Amino acid sequence: MTRNRKPLGKYRRIVIKIGSALLVDRASGLKKAWLDAMCADIAALKSGGTEVLVVSSGAIALGRSVLKVPAGALKLEESQAAAAVGQIALARAWSQSLSADDIVAGQILLTLGDTEERRRYLNARATINQLLKLGAVPIINENDTVATTEIRYGDNDRLAARVATMAGADLLVLLSDIDGLYTAPPHLDPDARFLETIPAITPEIEAMAGGAASELSRGGMRTKIDAGKIATGAGCAMIIASGKVDHPLRAIEDGARSSWFAPSGSPVTARKTWIAGQLQPAGRLEIDAGAETALSAGKSLLPAGVRGVWGSFSRGDTVSIYGTNGREIARGLAGYDADEARLIVGKKSADIAAILGYAGRTAMVHRDDLVVTGLAAPAAAETGKDLSHA
């Protein structure tokens, strides 16, 4: 174990993400022996008092195996049909394997809107918490029977990170066909160096991400790094480890190679965690250097500090905020519709009423609705006064 890492059994609540290729073999279907070993690991954690949630891929892969759909790309309706069959088979498999240790499984199918829309987010969180309170293990997957390209996560790495922040987990474990983060994709670069501990996800760390290594995978290291940004920013540690071996959680405990991502030292509040984790911001604001300084000090974003407005969004929608280096540095809830925002770009707050015809909000994005996501500035403070660019 590294100095900052602690045994899995010392964590209060763990989310475990399992990739399709670990659970399903294209030729033979469900890898039952592997699943039984995985469930034994989960039972061992639960017996020590750790709460466990599972984000399980594999519905489409298992469904096409049950339906005997030939290899090759699937049309949308074929994927959805395979998911409909696979979700039943997947839930049954988890339920049966967990029952060997008298553990009850509960299935939760989420769509993008369930984590992006605040009320649905809170409802999903309440269901998860109640299942954990009753001693069950939530088995969570994206609802691929209704999700389309425009309204889907597209991978279960980011879904798992959203579940981890939603549930207030203190550890996210991503199990896949790679044993951790390398300085370059190891299947392409034989000189790639393995990274055991990642104190923070910097732009250099993001640049190391490659593509998916398995034909059954939709995500790659890129999505794992995205997941890490969501999870660690909320104060949740993350581990990337290989799940190819039997008893993969036990293997991590026994010192198997894995990459550990440190949680943020100043995690944001629950509401700001939800804002920061939004996967599809409705628009983008570009700001000047003065506004960057204001945000780093925990101030609100005023119209005077905004240089440009992009996208079509409504008041209350999540927008990404880009700094002078062209990188996203923050996200927040828009105080104005996009059309109104464009009218007051670069203007003093005192001029808003004359421009819009009514006395609007002083801030384009209020500090209570804003969270710094990039490394161009330190995490925004919870208190502070607005900084005027007058």
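**Helices, burial and backbone in a predicted model**

Reader: Is G135 buried, partly exposed or exposed?

Author: In this predicted model, G135 has a relative accessible area of 31%. Buried residues lie under 20% and exposed ones over 50%. The value of 31% falls between these cut-offs, so G135 is partly exposed.

Reader: How far apart in space are G135 and E51, C-alpha to C-alpha?

Author: G135 belongs to the loop between α6 (118-133) and β6 (137-142). Along the sequence, G135 and E51 are separated by 84 residues. In space, their C-alpha to C-alpha distance is 8.0 Å.

Reader: What share of the contacts between residues at least 6 apart in sequence joins residues at least 24 apart?

Author: The protein chain contains 14 helices and 17 strands. Of its 390 residues, 50% count as buried. Among the contacts between residues at least 6 apart in sequence, the share that joins residues at least 24 apart is 73%.

Reader: How many of the residues of α7 are buried?

Author: The buried residues of α7 include N156, D157 and R162, together with L159, V163 and M166. Beyond the helix, α7 is followed by G168, whose phi is positive, near 70°. The helix is mostly covered, and of its 12 residues the number buried is 11.

Reader: Which residues does A167 touch, not counting those up to four places away in sequence?

Author: A167 is placed in helix α7 and counts as buried, because its relative accessibility is 6%. A167 and L53 are 114 residues apart in sequence, yet their C-alpha atoms are 9.0 Å apart in space. With residues up to four places away set aside, A167 touches R13, L53, I128 and N129.

Reader: How are α7 and α9 oriented to each other?

Author: The axes of α7 and helix α9 (residues 221-233) come within 8 Å and cross at roughly 10°. Angles under 35 degrees count as roughly parallel. The orientation of α7 to α9 is therefore roughly parallel.

Reader: How do the residues of the contact of α7 with α9 divide by class?

Author: On the α7 side, the contact is made by D157, R158, A161, R162 and T165. These meet T223, K224, D226, A227, I230 and A231 in α9. By class, the residues of the contact divide into 4 nonpolar, 2 polar and 5 charged.

Reader: Which elements are among those covering the buried residues of α9?

Author: Helix α9 reaches 18 Å from its first C-alpha to its last, close to the 18 Å expected for its 13 residues. Of these residues, 10 are buried, so α9 is largely enclosed by the rest of the structure. Among the buried ones are M221, I225, G228 and T232. Their cover includes α7, β7 (171-176), β8 (181-182), α8 (203-207), β11 (237-242) and β12 (258-261).

Reader: How are α3 and α4 oriented to each other?

Author: The axes of helix α3 (residues 59-66) and helix α4 (residues 76-99) come within 6 Å and cross at roughly 95°. Angles of 65 to 115 degrees count as roughly perpendicular. The orientation of α3 and α4 to each other is therefore roughly perpendicular.

Reader: How many residues of each class does the contact of α3 with α4 have?

Author: From α3, the contact includes I60, L62 and V66, and from α4 it includes A82, V85 and L90. By class, the contact has 9 nonpolar, 4 polar and 1 charged residues.

Reader: What is the relative accessible area of D102?

Author: Most residues other than glycine have a negative phi. The phi of D102, however, is positive, near 60°. D102 lies in the loop between α4 and β5 (105-110). D102 is exposed, and its relative accessible area is 73%.

Reader: What is the phi of H247?

Author: H247 lies in the loop between β11 and α10 (248-253). H247 is a residue other than glycine with a positive phi, near 50°.

Conventions. Residues numbered from 1 in each chain as written. Predicted model: local features only at pLDDT ≥ 70, side-chain atom pairs only at ≥ 80, totals over all residues. Heavy atoms only, no water. Helix = DSSP H or I, 4+ residues; strand = E, 2+ residues; numbered from the N terminus. Buried < 20%, exposed > 50% of the residue type's maximum accessible area, 1.4 Å probe, protein only. Contact = heavy atoms within 4.5 Å. Axes fitted to C-alpha atoms, helices over the stretch in contact; angles between N-to-C directions. Parallel < 35°, antiparallel > 145°, perpendicular 65-115°, else oblique. Nonpolar A, V, L, I, M, F, W, Y, C, P; charged D, E, K, R; others polar. Expected span 1.5 Å × (residues − 1).
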